[in-house]
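My entries follow the display below.

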Amino acid sequence: MTLTSKVPLAFARASAAAVLVLPRISPWPTRVQILGDPWNGADNGHRHRGSRAGMSRCIGACDRLMSLHGLLITPVARTVVDLARSDRLDNALAAGDQALRREWCSRDEIAEEVAAIPRRARGRKQAQLFFNLVDGAAHTAGESLSRLGMFRLNVPKPILQYPLEDADGAFGFADFGWRIGADLIIGEFDGKVKYAVDPELGPKAAQEALWREKQREDRIRRQADVVRWGMKEATDLRLLAQRLAEHGILPTAHNTWFDPPAHPE
């Protein structure tokens, strides 16, 4: 399967994210997305022109392509902003959070890509929202998805990677933390990675991992309420709202997640 182009063909959008091994919430697209000839219209690179079986050509110029494993792809910041414009916001946020966490791009670079989108171009508002939400403090895609759900539910903005400390000293970080009045509420997304153990280490290592997690939980509960949820709740706003409400985390009258919003111009 081949595509012809006057400019170098490069993987773009979800295909570039796949080459970068960035996380994704929904299933991966079945068509490979290729950046081809630039198109000079107002849509700034988000029109399709021509395809072959299994491939879609995205039209748009990119003068700073990068090479990874011998493959040309759009730069990391451009890739995650393209996802924010053309894909689901949860997919873009999961990828963008990890790109920042791994220091593969910076917020300034993301801001430059968002600012370069023409004012009337498709996906510009979602890209601006993405810029306001993206945060490299998230460790997993499940945390990214959960945070997006919290924003959509309009509950108080959590502190990410909340530092844990007691009389015996510091003992790591929690995924989320809220100060609701005088109360401290700790939120934990329970993904499988939290309990992952190398299979070659055997059941004893698994038991030790569970024991360490229980000790950590006991130390947290001595000073805070703890709310836990998994992917089932993270993918269902109704279930997530119910779980958070059970621990006093309720929607607010006014959204203050980014007040005022920081839209790149």
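Helices here are DSSP runs of H or I with at least four residues, strands are runs of E with at least two, and both are numbered from the N terminus. The side chains of E217 and R221 meet in a salt bridge at 2.7 Å, N to O; the term requires a side-chain nitrogen of Lys or Arg within 4 Å of a carboxyl oxygen of Asp or Glu. E217 is buried at 11% relative accessibility, and R221 is partly exposed at 43%. Salt bridges with shared partners join E188, D190, E213, R216, E217, R221 and R228 into one network. I applied these cut-offs: buried is under 20% relative accessible area, exposed is over 50%, and partly exposed is in between (1.4 Å probe, protein chains only).

I noted that the model is predicted, that local features need pLDDT of at least 70 and side-chain atom pairs pLDDT 80 or more, and that totals for chains, interfaces and linings use all residues. Residues are numbered from 1 along each chain as its sequence is written, and side-chain values use heavy atoms, leaving out hydrogens and water.

I then counted 15 salt bridges in the structure. In one of them, E113 pairs with R64, with the closest N and O atoms 3.2 Å apart. E113 lies in helix α4 (residues 107-115) and R64 in the loop between β4 (55-59) and β5 (66-68), so the pair ties together parts 49 residues apart in sequence. E113 is buried at 13%; R64 is partly exposed at 49%.

Finally, I looked up R88 and D90, whose closest N and O atoms are 2.6 Å apart in a salt bridge. R88 is partly exposed at 42%, and D90 is buried at 11%.
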